[in-house]
Amino acid sequence: MTITNILLTIVVLVVAIAAIYYYLKKKKNQEVETTINVDDKTYTLDVMKEFVKKRLDEITKVNLYDIGLSEEELKRRKNKKYELKKALKGCTYGDVNDKKYVQELIFDLLSSEYGVDETNISKAIPFDIPSLLTAQDKFDILIYAYKKDFGYEALTELIKKYNLAELKYVEGESKPSYVITAKEIEDIYEKENIELSFSDKLSIVVQRIYQHYKGYSTIDEIRDMNIDGVSGGVSGLPESFLSQVAQTASGDYLNQVAEHKVPRACDSIWIFFQGKSIRLAFLSFGTEAELKRVCQNIYKYNNPGQLSDTNGYKINEMKDGSRVVVVRPSFSETWAFFVRKFDVKRATLEQLVTLPGKEDAIELLKFLVKGARITAITGEQGSGKTTLLMGMIENIYETMNIRVQETAFELHLRKIYPTRNILTFRETDTISGQEGLDVQKKTDGSVNIIGEVATDPVASWMIQAAQVASKFTLFTHHAKTFPNLVTALRNSMLRTGVFTDEKTAEEQVVQVLNFDIHQVKDFRGQRYIERITECIPVESKNEYTYDHRNEKTLEGKFDKFFDNATHYFTKSTDRQLYTYRNIMEYIDGEYVITNPISAQNIKEMRNNMDAADVEEFDKFVQKHWGNQLESVLVSADPDETETKKVSRRGRKPKEI
């Protein structure tokens, strides 16, 4: 080989090496550039959510027998896999313990496997640049900080501290409303000046990922709080309306809709707080699909059946005892849900009745229950009927067996009184309320409690059962006045075919019904007892005479006959079957005892109480209506001597 060939070979090799070097260098630069570009999106919430979904899916579906584990390790891994699958299912039902378990696992995955650290976590939520934080980001941070101090009272404390539950005017609206705006949240965030550690930041990111993965979107943390309830999809424009608006609206309005300045149905989030419905204007589900996802998941506890276009609503309870109602098109104009929470720990009369005059009001309520009076609790939706009923049940004697009938489990009495004989039934798709009440007859119940008399068969059976099947009954109803309550129950008896005559049906109702407690929620959201009303049946007296026998002339006999005929037709048409009077009223911000309880009811109440309660009740009656007690005591034993009567009343007999 010549020197020239050798040199040419060397040159070719050098050129080839140089080309390869430059190619590899260029490729490396491209990879670095690509890595930087990927990094810009790697730590966003959406990308991390997809990683979490994929990773948890791998953990729950891995075949442990293919890994070659020892028997002990296999058993341990199987238990953890089962526990995770159970938690992933339970957290969608509102179980806060399962939720914590899943969130802790996501926390570990992001910190140990995904590489989230102090530097890149701000790509998910810009914690270090407050101006870039959205109102939802700031709210999440506030709730997290308050939750560390107040637990599930966090939202309540935040609302009370900054008076957020007050009527206010909002820009663009002509009338005041209950609303919490983005501006208010931003102002509160600035005042609080919250400092977060890396662990705090990651916990907030985990919550945000969790709520869009397994939780209830933006209401996830709100639903867990100790408030009266939360709902969504109940205001704003539904998607079906937008096409109609597009055909008729002006260009400016269409631009506002496109820029989301006009609220949509998916922007609708409301909370029910201390009797007030408050709109959270700073929160949104973002899309109709997200609202739909929440509606499809929130009612699933205990497999209540499928929510479909054919069956457009579902009433169910969640794992923590909350009642949930979900509706969907075409039954409703948009997807919507309503979650009502009942705080069983607070359901005592002392905590519910707090306005001036409360001592007399609480005593009277206790005596109605201990005296075994059949009592209705009436009022509009959200006025506190169910909560008051829960508070009254505490005073039922321990010796009495309690049977409850509800549409959905709300009272949860066994959580409050685990040692008492209590059994609750509810309606299902195949078992009606009437059938459930029929079964109750055969379960040794002393007290029937009906969560809500909402249908004619239940109202009819309640009246019949109150006559013969139990010692007494407590129930709730939506009647506005006492005559309305009697009329509604009477009409239910007629519609179910138990009676065909109005007067007979009404007579049965008033003979059974003793008292009505009417709850009110005013426009400020304050809830109180407006009145306690007693029903007094009017006794039918025999006013017919036989005077026609004493008349000598035919004309006289006809006059006496027509007198009796007049009495008959009066009784058949306009005869008054009952009177009613208010025993207690709410007057000028105070509970006031007014008219006395009838002697008959006092007598029967005393007969149903134990000796200690009879003594307390006598003191109560003596304090407010002394003469009434004396008449009852006298009528109780007509053979009693004057000396005994007077001495029992605590006074010396009069000298004769």
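Guide: What follows is a chat about a predicted model.

Visitor: How many aromatic pairs are there in the whole structure?

Guide: The search finds 15 aromatic pairs. One of them joins Phe139 and Phe282, with 4.9 Å centre to centre and 55° between the planes, and counts as tilted.

Visitor: Where do Phe139 and Phe282 lie?

Guide: Phe139 is in helix 5 (residues 135-150), while Phe282 is in the loop between strand 5 (276-280) and helix 12 (288-297). The pair therefore ties together parts that are 143 residues apart in sequence.

Visitor: Is Phe139 buried or exposed? And what about Phe282, buried or exposed?

Guide: Phe139 is buried, at 5% relative accessibility. Phe282 is buried as well, with a relative accessible area of 10%.

Visitor: What about Tyr313 and Phe331, how are their rings placed?

Guide: Their centres are 5.6 Å apart and the planes are at 40°, so this pair is tilted. Tyr313 belongs to strand 6 (residues 313-317), and Phe331 sits in the loop between strand 7 (323-327) and strand 8 (336-340), so the pair ties together parts that are 18 residues apart in sequence.

Visitor: Is Phe331 buried or exposed?

Guide: Phe331 is exposed, because its relative accessible area of 53% is over the 50% cut-off. Tyr313, at 41% relative accessibility, counts as partly exposed.

Visitor: Which residues form an aromatic cluster?

Guide: Phe367, Phe617, Phe620 and Trp625 form one.

Visitor: Which residue lies over the face of Tyr213?

Guide: That is Lys214, at 5.7 Å from the ring centre.

Visitor: What do strands pair through, in general?

Guide: Strands of a sheet pair through backbone hydrogen bonds, either parallel or antiparallel.

Visitor: In which sense do strand 7 and strand 8 pair?

Guide: They pair in the antiparallel sense, over 5 bridges. The bridge partner of Arg323 is Arg340, in strand 8.

Visitor: Last thing. How many disulfides does the search find?

Guide: The search of the whole structure finds 0 disulfides.

Visitor: And the cysteines: is Cys266 buried or exposed?

Guide: Cys266 is buried, at 0% relative accessibility. Cys295 is also buried, with a relative accessible area of 0%.

Terms used:
Residues are numbered from 1 along each chain as its sequence is written. This is a predicted model: local features need pLDDT of at least 70, side-chain atom pairs count only at pLDDT 80 or more; totals for chains, interfaces and linings use all residues. Side-chain values use heavy atoms; hydrogens and water are left out. A disulfide is a pair of cysteine sulfur atoms within 2.5 Å. Buried means under 20% relative accessible area, exposed over 50%, partly exposed in between (1.4 Å probe, protein chains only). Rings of Phe, Tyr and Trp (its six-membered ring) pair if their centres lie within 6.5 Å; planes under 30 degrees apart count as stacked, over 60 as edge-to-face and the rest as tilted. Helices (H or I, at least four residues) and strands (E, at least two) are DSSP runs, numbered from the N terminus. A charge sits over a ring if NZ of Lys or CZ of Arg is within 6 Å of the ring centre and within 35 degrees of the ring normal. Two strands pair if DSSP finds at least two bridges between them.
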